[in-house]
Structure formats: C-alpha cells, structure tokens
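Thanks, everyone. Please look at the structure first, and then I will go through the interface, the salt bridges and the overall fold.

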Amino acid sequence: MAVDPLIELRNVNKHYGKLHVLKDIDLTVGRGEVVVVIGPSGSGKSTLCRTINRLEPVESGTITLDGHPLPDEGRELARLRAEVGMVFQSFNLFAHKTVLANVSLAQIKVRKRGKEEADKRSRELLERVGLLAHADKYPAQLSGGQQQRVAIARALAMDPKALLFDEPTSALDPEMINEVLEVMQQLARDGMTMVVVTHEMGFARSAANRVVFMADGRIVEDRTPEEFFTAPESDRAKDFLSKILKH
Amino acid sequence: MNVLTDNWSLYGKGLLGTVELTVYASLLALVLGFVMASFRVAPVGSLRVLGTVWVAVLRNTPLTLLFFAVLLGLPRFGVVLPFQLFAVLALGCYTSAFICEAVRSGINTVPTGQGEAARSLGMTFTQTLGAIVLPQAFRSVIPPVGSTLIALAKNSAIAGSFSVTELLGAYKTLNELGYSIIWSFVWIAVGYLIVTLTISAVFNVLEKRWGVAR
C-alpha cells in the first residue's frame with residue numbers, strides 16, 4: 001500500500017434515488033501514484049472520481065485530501081478543490097474566453113496571481129501541451145483533442161497536488177486520443193498523482209501503478225496492471241476483460 | 001393637427017417623464033433581476049426561497065394593484081417618498097420578476113459542465129457566476145430582456161393615473177383644452193414609439209456586439 005497517502009476514501013456510500021451507486025468504497029491513492037479506474041459503464045467509476053473533489057456529495061464515509069477531510073460547500077471547499085485538478089470527458093472549456101484566458105482565469109481569481117504572471121505561466125503550460133500557437137483562439141475553433149489538452153493545461157495552472165481524469169478521451173475521435181494520452185503519460189512520468197477513469201487499456205498497462213476495477217458500485221479488484229491484465233481474480237473482471245480485449 | 005406644435009412643452013414634459021420613469025425603472029429592474037436570478041440558482045436555500053417568492057409575488061400581481069399597494073400602502077408605514085420615486089419602485093420591482101426569469105433561462109443555456117469546471121478549479125459560487133455563467137447567460141437573454149423593457153416603457157403609463165407626470169397623462173389637459181382626441185392620441189403614440197424604438201435599437205446593437213455567435 002501507499003506509504004504517503006494523498007487521497008483517502010473510507011467507507012464511502014452514495015445513492016441516486018434508489019440506485020446505490022457507490023457501495024462501501026475504500027481507496028487510498030499515494031503521493032505520485034497513478035491509479036487507473038476501469039469497469040463497465042454504470043459501475044460508478046465516474047461518480048467515484050467526482051466525489052473526490054465533492055462535485056458529487058456523498059452520504060456516508062469520509063474523504064480526506066492530504067490529511068484534510070472534505071468540508072461542506074463553501075470557501076473552505078473551494079480552497080481544497082484548487083489543490084485537485086479535474087479534467088472532464090466533455091472538456092468544459094469556458095466558451096466565451098480565449099484559450100489563454102481559460103488557463104489564466106483561475107490563477108488570477110483563485111491563486112491571486114497578477115495577470116502578467118498568470119499569462120506567462122499559461123504560455124509555459126500551453127507550450128508544454130503543444131498549443132502555444134493557439135493561445136488567442138476560442139475553444140470552439142479547436143479540435144476535441146486540442147480542447148482537452150487546453151483543459152489539462154488549465155488544471156495544471158493551479159499547481160495541483162493531484163489530477164482527476166473523468167474519461168478524458170471518451171469524447172474524442174480515435175486519431176486525437178493519442179495526443180491527449182501522450183500528455184497524460186508525460187505527467188505520469190513527471191510524478192503527478194493521478195486518478196484516471198478510462199477505457200484506454202493501453203494507457204492503464206503502460207502508465208498506471210495500480211488498476212482499480214469497479215462493478216456495480218464496488219471496487220472488485222485493486223492490483224498492479226500486470227497482475228490485473230494477465231491474471232484477473234474475479235469472474236466479473238475476467239468477463240469484462242474478455243469482452244474488451246477480444247478485438 | 002396643430003395640437004403638437006401648440007403644446008410642445010406639454011408633450012415634451014410628458015415624454016421626459018416617461019423617459020425618466022423608463023430609464024430609472026429599467027436600471028432598478030435589471031439590477032434586481034440579475035440579483036434575484038443569482039439567488040434562484042444559489043447553493044444557499046434561503047436565498048433560493050427569497051428569489052422564488054419575489055418572482056411569484058411580483059409576477060402574479062396586476063401592476064395597477066402593485067401601484068396602489070406602493071403609493072397608498074407604503075405611506076401608511078411611514079415611508080413617504082415623491083410619487084415619481086414610488087412609481088419607479090413599483091415598475092422596477094414588477095419588471096425585475098420578468099427579467100429574473102429571462103436571466104434564469106439564460107443561465108440554463110450555459111452548459112453545467114463549465115460551472116463544474118470553474119468550481120473544480122477552486123472558484124467560489126460568486127466567482128463562477130460572475131466570470132463564467134452570467135457573461136454567457138447575458139448573451140442569450142438580450143432579446144427577451146429587450147422585450148421586457150419595452151413592456152416596462154408602456155406600463156409606465158399607469159403611473160399617470162397616480163399623478164406622476166408622464167406622456168399618456170398629457171391627454172387630460174389636451175382634452176380640456178378642446179383638441180381633437182384622435183390627434184392628441186396620435187402624437188402620444190408617436191412619443192411612445194420614440195421610446196420603444198430607441199430601446200429596440202439599443203438592444204439590436206447589444207445583440208450584434210454581444211449576442212451568441214451560432
């Protein structure tokens with residue numbers, strides 16, 4: 001197990017109406033660890049990802065970030081959220097702002113950096129994701145893959161302790177998936193703590209320290225990628241892998 | 001026909017009165033409308049209730065009744081203000097309920113994901129609303145807000161019945177002076193057209209400049 005836990009979920013439960021989407025979830029993510037969450041749709045993996053920065057409140061159980069329990073909605077929660085970046089399936093860039101302004105906005109509003117300092121940092125990050133040339137465009141002028149890389153730069157601009165990825169490549173054309181995965185691989189190599197909900201098994205194999213397999217709101221397996229992909233223990237995981245790895 | 005040229009100052013004062021009522025009440029309605037719309041989507045329950053009650057009460061009260069309530073009711077509680085100010089209050093609060101609902105529909109056009117993204121970056125509710133949601137909502141509510149303010153300009157005629165100087169009230173004097181009622185009203189209508197067409201023009205410009213590019 002992780003020596004230095006950054007994200008800890010203990011006994012987390014959540015319902016949507018009668019549907020029990022998260023059942024007694026225990027999960028620890030250590031500093032610098034890359035945890036990939038996979039599972040069939042409806043298994044609660046996206047919900048799990050969203051509970052970590054309390055975009056989805058939970059009913060019972062505790063979630064701690066770097067030793068601090070998640071507070072209720074308010075300034076304290078906003079402060080904690082700034083430490084955990086999130087990348088969404090649908091990018092969610094601010095449509096009325098340029099790429100540069102998208103990356104700079106929260107630096108100015110939340111980190112209270114000056115505009116010039118923020119823009120300088122934004123340009124460095126856009127350079128890192130290979131999009132500096134597009135800094136003055138609006139999100140709608142970019143391809144999906146480019147928008148997602150901007151979204152990653154925007155999350156990185158807050159200098160977060162961890163990044164959450166909620167199916168970051170699921171809305172992308174196949175040829176754009178790689179450009180996003182490459183950026184994520186690089187982040188993983190640089191030692192960023194990451195929780196990645198994805199269907200990209202290649203990424204899970206190559207970048208993950210651990211694979212968490214979820215089904216029906218429970219964590220069924222939590223192991224290293226080699227162990228999981230070569231010798232899954234549960235029938236549910238065997239069934240899942242046989243279906244997706246066939247072609 | 002010469003009813004206008006004979007009575008420039010009467011018409012002028014009336015038009016000025018209507019313009020003043022429209023401008024002040026519009027400003028009040030816009031400010032209150034945006035604030036109430038923010039309340040209606042706020043994470044704080046009591047604010048949401050306040051916004052909902054505000055809209056339910058004001059939108060469902062006949063404006064004339066509201067004028068009676070404000071002009072005759074408030075003085076009973078010791079609030080004594082010039083009638084014109086009372087009229088601005090009544091008109092502004094009444095219209096703010098409609099602006100609020102227009103703005104709220106605009107807020108609903110902004111994808112929720114953008115709000116979630118802003119919150120996940122650590123922005124507070126107020127920052128998210130002010131920097132992300134309202135600027136985009138504003139673009140899509142320009143046309144309905146324009147219509148609402150035109151309605152406000154025309155509704156300001158009710159203030160004339162409460163001895164506030166405004167355009168429609170000019171007909172009483174003209175009638176007593178024996179002018180043709182038809183021409184008196186034609187020129188009054190032209191006065192209202194000047195006000196409402198100006199509002200239309202302003203909102204056309206706003207829409208060209210800020211409207212959503214689709």
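How many residue pairs are in polar contact between chain B and chain A? The count is six, with both residues at pLDDT 80 or more. A polar contact here is a pair of N or O atoms within 3.5 Å; within protein, one must be able to donate a hydrogen and the other to accept it, and residues adjacent in sequence count only if both atoms are side-chain atoms.

Before going on, the conventions. This is a predicted model, in which local features need pLDDT of at least 70 and side-chain atom pairs count only at pLDDT 80 or more, while totals for chains, interfaces and linings use all residues. Residues are numbered from 1 along each chain as its sequence is written, chains are lettered from A and ligands numbered from 1 in the order in which they are written, and side-chain values use heavy atoms, with hydrogens and water left out.

Now the interface. Chain A puts 25 residues into the contact and chain B puts in 17, where contact means heavy atoms within 4.5 Å. About 1,800 Å² is buried between the two chains, 63% of it on carbon and sulfur atoms. Buried area is the accessible area (1.4 Å probe) that two parts lose on being put together, summed over both. In chain B, the residues that lose the most area to chain A are B:Arg119, B:Ser120 and B:Leu121, together 33% of what that side buries.

The rule finds one salt bridge across this interface. By that rule, a side-chain nitrogen of Lys or Arg lies within 4 Å of a carboxyl oxygen of Asp or Glu. The partners are A:Arg50 and B:Glu116, at 2.7 Å from N to O. On the side of chain B that touches chain A, the elements giving two or more residues are helix 6 (112–120) and helix 7 (125–155) of chain B. Helix 6 gives the most, with seven residues. Helices (H or I, at least four residues) and strands (E, at least two) are DSSP runs, numbered from the N terminus.

Over all chains the structure holds 28 salt bridges. Take the one between A:Arg113 and A:Asp159, whose closest N and O atoms are 2.6 Å apart. A:Arg113 sits in the loop between helix 3 (99–109) and helix 4 (115–128) of chain A, and A:Asp159 in the loop between helix 5 (144–156) and strand 7 (162–166) of chain A, so the pair ties together parts that are 46 residues apart in sequence. Buried means under 20% relative accessible area, exposed over 50%, partly exposed in between (1.4 Å probe, protein chains only). A:Arg113 is buried at 15%, and A:Asp159 is partly exposed at 38%.

A second pair is A:Glu227 with A:Arg223, at 3.9 Å between the closest N and O atoms. A:Glu227 is partly exposed at 40% relative accessibility, whereas A:Arg223 is buried at 14%. Returning to A:Arg113 and A:Asp159, salt bridges that share partners join them with A:Lys120, A:Arg121 and A:Glu124 into one network.

Last, chain A as a whole. Chain A has nine helices and ten strands, and 56% of its 247 residues count as buried. Its C-alpha trace spans about 55 × 45 × 35 Å along the principal axes. Among its contacts between residues at least 6 apart in sequence, 65% join residues at least 24 apart.
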